[in-house]
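Here's a quick briefing to read with the model open in your viewer. Have a look first, then work through the points by topic.

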Amino acid sequence: MVSLEGLPAGARPRERLLALGAESLSDVELLALVLGSGVPGVSALEVAFRLLSSFGSLAGVARAGVPGLLQHGGVGPARAARVLAALELGRRLLRPQGRARIRGPADAARFLLPLLAGRERERSLALILNTKNEVISEVEVGEGGPDHAPMEPLVILRATLVRGGTGVLVGHNHPSGDPEPSREDVEVTRRLEMAARVVGVRFLDHLVVGDGRWVSLRERGVLGPT
């Protein structure tokens, strides 16, 4: 739960950041700094507090997108753009630098979470791997609505082979924030495994990503041995 309790009376987030460092500020204070200013009668802190209370978290704010932010008083197009740009920069900062190596589901999750978590639409990605299980390419293989994104085996395997990959791992997000796989997620995973085996590509895993959480279909026992 977001709260304004504990914020020093009259303290300005900018001065606190300069004196104590950005890590000392709450989510409300950081968001207020990004907003820059409030509106007549409502401070930037109050606008930030209302946004986080309404959407539940920074991930919820990101998932709301421009349409959702514009529904709140004190947030116009310019402020909405600043907020979403700041959140996207944070997301990109978390992306692995250099060539990531996938040793198991946890490695895959570290790669995929910054790319997929907090999205307002379902997005499907394929991580193309070499013989050392290093990621040589990331390819978007489907983008859909709030509850479905296509994940066609032919598209995924063609992308793998064209880029010289010997293995592939796929992931998609659930905009609801709950990574529990659906029956369709299980079915498409099995189809991908069978198709990959036919063309000689190693299919490592399928991860479903939520808000800071993830589920590996391999760990769930859906896939056979590699």
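Which residue in β3 is the bridge partner of isoleucine 128? Valine 168 takes that place. Keep in mind that this is a predicted model.

- Five strands make up an open sheet with mixed pairing, and the order runs β2-β1-β3-β4-β5.
- The edges belong to β2 and β5 (214-216); each has a single partner strand, so one side of each has no neighbour in the sheet.
- Going from one strand to the next, the twist averages 20°.
- β1 (residues 123-129) runs antiparallel to β2 (residues 135-143), with 7 bridges between them.
- Across that pairing, leucine 127 sits opposite glutamate 138 in β2.
- The hairpin of β1 and β2 has 5 residues between the strands, and asparagine 133 adopts a positive phi near 65° there.
- β1 also pairs with β3 (residues 167-173), again in the antiparallel sense, over 6 bridges.

**Helices on the sheet**
- Helix α6 (residues 105-116) packs on the sheet and touches β1, β2, β3, β4 (202-209) and β5. The direction of α6 is at about 50° to that of β4.
- Helix α7 (residues 153-162) packs on the sheet too, touching β1, β2 and β3, and its direction makes about 135° with that of β3.

**The bent helix, α4**
- α4 (residues 58-70) has 13 residues, and a straight helix of that length would span 18 Å; here the end C-alpha atoms are only 16 Å apart.
- There's a bend of about 95° at alanine 64, with proline 67 following within four residues.
- At the start of α4, a side-chain oxygen of serine 57 comes to within 3.4 Å of the backbone nitrogen of alanine 59.
- Buried residues of α4 include Arg63, Ala64 and Leu69. The buried set packs against α3 (44-55) and α5 (77-93).

**Histidine 72**
- You'll find histidine 72 in the loop between α4 and α5.
- Buried, exposed or in between? With a relative accessible area of 22%, histidine 72 counts as partly exposed, because the cut-off for buried is under 20% and for exposed over 50%.
- Setting aside neighbours within four places in sequence, histidine 72 contacts Arg50, Leu51, Ser54 and Phe55.
- Alanine 22 is 50 residues away from histidine 72 along the chain, and their C-alpha atoms are 26 Å apart.

Note on methods: Residues are numbered from 1 along each chain as its sequence is written. This is a predicted model: local features need pLDDT of at least 70, side-chain atom pairs count only at pLDDT 80 or more; totals for chains, interfaces and linings use all residues. Side-chain values use heavy atoms; hydrogens and water are left out. Two strands pair if DSSP finds at least two bridges between them. Helices (H or I, at least four residues) and strands (E, at least two) are DSSP runs, numbered from the N terminus. The expected span of a helix is 1.5 Å times one less than its number of residues. The bend at a residue is the angle between axes fitted to the seven residues ending there and the seven starting there. Buried means under 20% relative accessible area, exposed over 50%, partly exposed in between (1.4 Å probe, protein chains only). Contact means heavy atoms within 4.5 Å. A polar contact is a pair of N or O atoms within 3.5 Å; within protein, one must be able to donate a hydrogen and the other to accept it, and residues adjacent in sequence count only if both atoms are side-chain atoms. Axes are lines fitted to C-alpha atoms, for helices over the stretch in contact, and angles run from 0 to 180 degrees between N-to-C directions.
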